[in-house]
Structure formats: structure tokens, C-alpha cells
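Have a look at the model first.

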Amino acid sequence: MAVPTHHVAEAGTLPQYRSDPDGSQPPLDFPAYRSTGLRHPNEPLILLPQRLTEVTGPVLGPGRVGPLDHDLTRQHAGEPIGQRIIVHGTLRDGNGRPVPNSLVEIWQANAGGRYRHKVDNWPSPLDPNFTGVGRALTDAQGHYEFVTIKPGAYPWGNHDNAWRPAHIHFSVFGRAFTQRLVTQMYFPDDPLFAHDPVFNSVPDEAARQRMVSQFDLDNTVEQWALGFRFDIVLRGRSATPFEEPHQ
Amino acid sequence: MTATELSGTELTGTELAGPTPSQTVGPYLAIGLPWPDGPDVVPPGTPGAFEVVGTVFDGNGQPVPDAMVETWQADPDGRFDHPDDPRGAVPGWRGFGRSATDDSGSYVIRTVLPGALPGQAPHLDVSVFSRGLLNRVVTRIYFPDHQDAHATDPVLTSVPEKRRGTLVAVPSEGGYRFDVHLQGPGETVFFDV
């Protein structure tokens with residue numbers, strides 16, 4: 001029995017989005033990641049029923065994306081040092097519906113694990129040919145693609161000899177305020193996973209694995225770049241719409 | 001999005017895919033997320049436009065210089081440019097603001113007052129991201145101009161009375177001030193959305 005195949009708004013009804021399953025999202029208070037200590041709320045969250053403001057969201061279209069924004073290897077006079085990679089995937093909701101024409105933003109360290117940011121000053125060189133920022137729109141099927149270089153791991157001060165596994169930050173909007181997501185894409189088989197509290201803040205093992213991209217030979221380009229696939233799943237809609245009150 | 005674009009890919013009720021987990025924006029979001037026009041919910045020079053300015057504080061009362069605030073709101077008539085608004089979309093209404101905090105932990109959004117929504121007082125939905133937040137926290141900004149509507153707003157009235165004030169902006173020069181206290185005394189009310 002299929003759920004309804006589309007959700008054109010009916011008069012007076014609003015779509016509703018499912019809550020995330022237990023264990024699929026990190027807690028706000030997670031002592032192993034020390035920076036949560038003074039930044040997590042102590043008071044319990046209060047349930048916000050999904051009404052108009054929560055089931056709508058910004059529609060950020062082509063005006064946000066320049067012609068080379070998706071290719072982080074072509075934003076300077078020369079090419080950046082590092083392993084050239086193609087990172088691509090599909091943005092969908094939990095019902096499998098693609099999210100088309102939607103803004104995907106990424107930022108990352110260079111091949112040596114250094115960010116072009118004023119407070120990142122660990123002894124690894126900046127690359128004059130790499131900014132580490134990309135933007136793309138999903139196509140009509142929800143697919144996006146970036147060309148970049150594989151970021152390096154980098155040290156941080158969370159605990160003794162702490163290193164973050166290589167990752168690319170992703171920011172996506174989906175279709176509704178309630179679907180807004182910022183996450184990190186990791187690379188397969190990183191030996192640092194076992195030691196990283198940010199990665200391990202997600203309780204459910206299967207959910208953690210959804211943050212790990214897959215090597216993609218089919219999208220690896222001979223003599224040019226390795227392919228990695230990273231599909232992103234946002235909250236899906238529940239079957240029961242909300243009856244919007246009338247004034 | 002049309003029905004045609006949506007067809008053929010829907011999973012059945014037993015095959016719902018789990019969501020991708022959230023992760024922190026980390027300390028370096030400022031290289032990637034701020035836009036030059038991020039704070040401008042409405043174009044510069046829009047009649048009635050004002051600033052919402054605030055500081056994000058941690059549990060020690062220290063400003064958070066590596067946070068980002070995003071806002072989402074209806075237009076002055078209480079409408080959105082969105083296909084899921086059953087009253088129809090208002091083309092061209094951006095409704096969205098984004099501001100990273102500066103070295104003093106402050107953000108600024110330039111906007112106009114939203115209109116009332118069916119059964120709700122005018123408000124902005126707000127997301128706060130930062131290093132140390134593994135997921136965003138969500139709050140709302142209400143305005144002191146609408147005190148009467150606050151008394152019957154279903155969200156405000158669901159909040160313990162002594163904490164409701166954390167959701168109401170205060171008038172200031174050039175607009176309003178709305179500080180965010182992530183933790184501790186005067187902790188801002190955050191919602192599970």
C-alpha cells in the first residue's frame with residue numbers, strides 16, 4: 001500500500017513531518033565533545049507543533065549559485081594540491097521523494113587539513129589555490145555534484161592527541177523549516193572514527209553510517225578523479241496532515 | 001514542484017529511509033555560510049524595515065563568536081512564497097535571514113514585521129547553529145507590538161509563563177534586540193520542531 005504520491009496542499013490542511021527516530025540524532029549535551037558543555041540548553045525542549053511557519057521554508061534558487069561554485073578546484077589561478085574527487089548524491093526526504101532545485105552548501109579543509117579561517121593556525125600550510133567553499137543546486141531529480149579535493153584530517157584540542165576524521169561540512173534546506181540540516185560527510189574506513197566524539201555523538205550505528213560516503217567506481221573518472229557518493233535524507237512526511245485553524 | 005516530478009520515487013510506508021544525522025557546524029562555518037546579503041530578509045530601503053540585533057551567550061554568559069542565526073518569517077500579510085501554503089504562494093517574498101555572529105557574539109537581521117498567521121501571533125522562527133551545538137536549536141522571536149495576540153498564541157501559551165519573556169524581542173535603537181542565552185540564567189526557550 002503506497003503512501004500518497006504527492007502532497008499538493010489542500011485547502012486548510014498542512015503537511016506534517018515525522019520526528020526523527022530515537023538514536024538517529026546527536027544529543028545536545030554530549031560531554032565527550034567538550035564544547036557542548038556550556039552551549040547546550042539545560043531546560044527541556046518544548047514541543048512546537050508544525051504549523052505554517054514550520055512546514056514552509058526558504059526557496060533559495062539559482063541566484064545563489066555561480067557557474068564555478070560547484071567546482072572547488074577551479075576557483076583560483078591554479079589547481080589545488082590534493083586528491084581530486086567528485087562528491088555527488090541525491091537529496092531526498094524520508095519518503096524517498098527527491099528535493100529538486102534546492103541549495104546545497106559545503107565547506108572544508110584543504111588536503112593538509114587546514115581551513116582558510118583566521119582562527120585555524122595549526123602548522124599545516126594554506127593552499128593559495130583552495131578556498132574550500134562550494135555551492136550547488138539539486139537538479140529536477142534531487143541530484144547534486146561537486147568537484148573538490150579530499151580534505152585532510154586535522155588536530156583539535158578536545159582531548160589528548162585528538163584528530164578529526166576527514167570530512168566535508170554540508171548545509172541543506174529541504175522544503176520546510178523543520179527539515180533544515182547541517183551535517184558532515186565522512187569518507188569510508190577512516191581509522192579516526194573510533195576516536196572522534198563528534199561522529200560518535202550519534203547513538204545509532206546505522207544512523208552514523210548514513211554520514212559516511214561510499215566510494216563510487218561508476219562515477220570515478222579515468223585518469224582524473226575518484227568518485228564518492230553521499231545521499232542525504234531529510235525528514236519525511238507523515239500520512240496525517242494538520243487541519244489549519246481558520247480565523 | 002509538480003506531481004509529475006514527485007511520482008515514481010515514493011517509498012512505501014514500510015520502506016521509509018532514516019534521516020541523515022545532524023553534526024555541528026564547527027568553528028569554521030564563517031568561511032562557507034555567510035552571504036553578503038544574508039541579513040537582508042527584505043531589500044535595503046524597504047519601507048518599515050528595521051534591524052533585529054542580538055548577542056548569543058553561552059552558559060557562562062560569554063558571547064559566542066562562532067555561531068550563526070537564521071530566521072524564517074511570513075510577509076507583512078502573514079503569507080509565504082511556498083507551495084505548501086494552502087492559501088497560495090506570494091512570489092518573491094524571501095522571508096529568510098542569515099547572520100554569523102561577529103567577534104562580540106552579535107548578529108543582525110534586517111527585516112519588517114511579519115503579519116499574523118491563522119490563530120497565531122506574528123513571529124519569526126529562528127535556528128541557532130554553533131561549534132558545540134551538535135544540532136541546531138530552534139526558538140521564536142515575537143514582538144512587543146503584539147501583546148494582545150500573545151495572550152492567545154498557542155505556542156507562547158504552551159511555554160511556562162515565567163519563561164515567555166525570553167521569546168519576545170525588546171525595542172531598541174533601529175529596531176529590536178533579541179539575545180540568545182544557550183544555557184543558564186535566562187536560558188532562551190528552545191523548541192522541539
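Strand 9 (residues 167-172) of chain A pairs with strand 10 of chain A in the antiparallel sense, over 6 bridges. Strands here, like helices, are DSSP runs numbered from the N terminus (E, at least two residues, for strands; H or I, at least four, for helices), and two strands pair if DSSP finds at least two bridges between them. Within this pair, His169(A) sits opposite Gln184(A) of strand 10 of chain A.

A word on the ground rules: this is a predicted model, where local features need pLDDT of at least 70, side-chain atom pairs count only at pLDDT 80 or more, and totals for chains, interfaces and linings use all residues. Residues are numbered from 1 along each chain as its sequence is written, while chains are lettered from A and ligands numbered from 1 in the order in which they are written.

Back to the sheet: it's an open one of 4 strands in chain A, ordered 5-4-9-10, with antiparallel pairing. Strand 5 (133-137) and strand 10 (181-186) of chain A are the edges; each has a single partner strand, so one side of each is left without a neighbour in the sheet. From one strand to the next the twist averages 25°, using axes fitted as lines to C-alpha atoms (for helices over the stretch in contact) and angles from 0 to 180 degrees between N-to-C directions.

| Strands | Sense | Bridges |
|---|---|---|
| strand 3 (residues 84-93) and strand 12 (residues 226-229) of chain A | parallel | 4 bridges |
| strand 11 (residues 214-215) and strand 12 of chain A | antiparallel | 2 bridges |

The contact takes 86 residues from chain A and 70 residues from chain B, with contact meaning C-beta atoms, placed from the backbone, within 7 Å. On the chain B side, strand 5 of chain B gives the largest share, 5 residues.

Now the backbone. Asn101(A), in the loop between strand 3 and strand 4 (103-108) of chain A, has a positive phi near 55° without being a glycine. Gln223(A), in the loop between strand 11 and strand 12 of chain A, also isn't a glycine and has a positive phi of about 65°.

Notes
Contact = placed C-beta atoms within 7 Å.
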